[in-house]
Amino acid sequence: MVDQMKAVDTADQSADEELACLMDQRANTYMLLSRLYLKEIDDALLHELHDMLFPTSTGDGDVDEGYLLIATYLSNLWTESLTELAVDYARSFLGNGVDAFAAAYPYESVYTSEKRLLMQDARDEVLAIYRSFGIEKGQDWGEGEDHIALELEFMRVLCERASKALRAGESDGALRLLLAQRNFLHDHLVTWVPMMTADLRRFAQTRMYEGLAYLTDGFLRTDYAMLQDILSEEEA
Amino acid sequence: MFDANEGGLLAMAKESTEEFDFEIADQEWQYDPLADAEDQEGSEQEEDPGDFTGKPIESLAGRPEDQTLKKDAKLEEPASQRIEELFEKLNARRRVLSGILRFLEAPKSAAELNGEVERLQKHDFSVYTAANYAELLEEAGAIIKVDENGTPFADSPEQVPDIVTVDGADFLKPAPWREVYWLTTEPARARLAQNDPETRFRKLMERDAQYKTIYVRILQAADCQEGATTPQLNELVDWDPLLKSPRLYTAHFTELLERCEALRWEGVWKTTDIGRTLLAECGDEETVEQGIEG
C-alpha cells in the first residue's frame with residue numbers, strides 16, 4: 001500500500017514537473033512576443049533571432065505560417081535590415097498620427113472603445129488585475145498598461161509563478177494561476193489582439209512583422225485552447 | 001536576454017505565492033469591451049461575442065480598405081526623371097551623389113560604400129549616411145542591389161530557411177546573412193555620361209559675364225597646394241564694388257563654382273583640375289589684386 005502511494009506520488013510529481021516545463025516554455029514565448037511588440041528590434045535581438053530554430057509543424061497553421069515568414073525574413077538579412085525593421089515597426093505600430101486607423105495601435109483601449117481612444121476602460125481593467133496580483137508597471141514604462149507588450153508580459157509572469165508553484169508542490173496555487181491565465185486570455189488578449197494583428201498584416205511591409213501577426217494569433221489561440229483542456233481535466 | 005528579473009516590464013511587488021490574490025477567477029472580473037457602446041446606444045441588441053474562435057474579427061469601428069498603404073506614385077515616373085529630381089532636391093549634396101554613382105559603376109559592398117561616403121563627406125557636416133543615400137538613390141532608380149556577380153537581387157531567388165532535424169523534429173534554420181552589393185543603373189550611368197561641368201561653367205560665364213572677374217579671382221586664389229580658407233576668399237572678394245548691388249557674397253560664387261566642379265571643399269577651398277583648365281581658358285583677364293596674405 002505504501003509502495004502504491006509512493007508510486008502515485010512519484011507519478012504526480014512527474015506530471016507536475018512536465019507541466020512546469022510547459023509553463024516555462026510558454027513563459028519564454030510570451031517573453032519573446034512581448035519584446036517584439038515592445039520596441040524596435042535591436043542588433044543583439046536580431047542576431048539572437050537569426051540563431052534560433054523555428055518549428056515547422058506545430059499543429060497550428062497560423063503559428064507555422066508565422067514561423068515560416070519570420071525564418072524567411074531572417075534568411076535574407078543584410079546590412080540595412082535593422083533600419084528596415086525599425087521603419088516597419090514605426091509604420092506598423094506608430095503610424096502617421098492622422099487618425100485612429102493609421103496603424104495597428106498596440107493598445108487594448110483602441111480596439112475596445114467606440115472612438116478608438118487610449119486609456120479607456122480596458123486600461124483600468126488590466127491595471128486593476130495587475131495590482132490584484134501584486135504587480136506594478138516598471139518605473140520606466142511610460143505607456144498605457146493595456147499595451148500588448150505589457151499584457152503579454154503579465155502572462156509571462158503568471159506562467160513563471162505557475163511553474164514555481166508546481167515545482168513547490170502547491171497544486172492549488174498553480175491551478176488558480178492557470179485559471180487566472182485562462183480568464184485573462186479570454187477577457188483580454190484573445191478578445192482584442194486578433195483585431196490588432198489583422199491591422200498589423202495590412203500595415204507591415206516586412207515578413208518579420210507579418211509573421212509576428214500570424215504567430216501571435218496562432219499562439220494565443222492554441223495557448224487558450226490548451227489551458228481550456230488542462231482546466232477541464234482538472235475540473236472534471 | 002529575456003531574463004524575467006532583468007529588464008522586465010512589470011515589477012513584481014509581491015514574490016510569495018501565498019500573497020497572491022486569485023480573485024481574477026471571480027465573475028466580477030468579467031470585462032465587457034462593448035459595455036460603453038451598449039450604454040450609449042441603449043436599445044441596440046448586443047451580439048453575443050461567443051467563444052474565441054481565433055479568427056480575426058472586424059475592428060469595431062471598421063477601417064475602409066481604401067486607407068491601406070498605397071504605392072508611391074513617384075515610382076511610376078521614369079528613373080531618369082526621378083534621378084534628376086533627386087539631384088535637384090539634394091542640390092547641396094550633388095557632389096556626394098555623383099561621387100557615389102561613379103563609385104558604384106562596379107558592384108561594391110555596403111561596407112565599401114560606407115567607406116566611400118565617409119571619404120566624400122570627410123570635410124562636410126551632413127546628417128546623411130551611406131544608408132540614407134543608398135535608399136534615396138535606390139528609390140530614384142539610380143542604384144540597385146546586386147549580388148557579388150552583379151545579378152540584381154530582384155532576379156536572384158530569395159533565400160529560404162534550411163530545414164534541420166533535431167531529436168526527430170523538423171525546424172527552420174535561417175540562411176546566412178546576404179552580402180549586398182550596390183550597382184549604378186543604366187539611367188544613372190547615362191546621367192553621369194551627360195555630366196559636363198565644363199559646359200556648365202561656360203554657360204555660367206555667359207550668364208554671369210559681369211562677375212567673371214570674381215570667379216577668376218576665386219579660382220586663382222584657391223589654385224595652390226594649401227588652398228584658400230573662406231575668410232581669405234571673403235577678404236579677396238566681398239569688398240568689390242561689383243557685389244554691392246545686388247549685394248552678393250563669396251559663398252554665392254563658391255557654391256556655383258563647386259556645382260561646376262571647378263572648386264572643391266577640403267576643409268579649405270581648392271581649385272580642381274577642371275577649374276584649372278577653365279581658368280587657363282579665361283586667360284589672364286583678371287589678376288589677383290590683393291594677395292591672400294595682404
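Here is a short chat about a predicted model of a complex.

Trainee: What ipTM and pTM does the predictor give the complex?
Mentor: The complex, which is a predicted model, comes with an ipTM of 0.89 and a pTM of 0.72 from the predictor.

Trainee: And what does chain B average in pLDDT?
Mentor: The average for chain B is a pLDDT of 77, and 71% of the residues score at least 70.

Trainee: Where in chain B is confidence lowest, and where is it highest?
Mentor: Confidence in chain B is lowest in helix 1 of chain B, residues 35–41, with a mean of 44, whereas strand 5 of chain B, residues 169–173, has the highest, at 96.

Trainee: Which residues of chain B stay under 50?
Mentor: Among them are residues 1–7 of chain B, for which the model has eight contacts beyond four places in sequence, and residues 288–294 of chain B, also with eight such contacts. Where pLDDT is low, the predicted coordinates should not be read in detail.

Trainee: How many helices and strands are there in chain B?
Mentor: Chain B has 11 helices and eight strands, and of its 294 residues 23% are buried. Of the contacts in chain B with a separation of 6 or more, 64% are between residues 24 or more positions apart.

Trainee: Switching topic, which residues have the most contacts inside the largest nonpolar core?
Mentor: Those are Ile70(A), Phe154(A), Leu158(A), Ala162(A) and Met196(A), in a core of 67 residues. Several elements of chain A give two or more residues to this core, including helix 1 (2–38), helix 7 (148–167) and helix 9 (207–235).

Trainee: Which helix gives the largest share?
Mentor: Helix 8 of chain A does, with 13 residues of this core.

Terms used: Residues are numbered from 1 along each chain as its sequence is written. Chains are lettered from A and ligands numbered from 1 in the order in which they are written. This is a predicted model: local features need pLDDT of at least 70, side-chain atom pairs count only at pLDDT 80 or more; totals for chains, interfaces and linings use all residues. A nonpolar core is a set of buried Ala, Val, Leu, Ile, Met, Phe, Trp, Tyr and Cys residues joined through C-beta atoms within 7 Å. A residue is buried if 20 or more other C-beta atoms lie within 10 Å of its own, exposed if 12 or fewer, and partly exposed in between; C-beta atoms are placed from the backbone. Helices (H or I, at least four residues) and strands (E, at least two) are DSSP runs, numbered from the N terminus. pLDDT is the predictor's confidence in each residue, from 0 to 100. Two residues are in contact if their C-beta atoms, placed from the backbone, lie within 7 Å.
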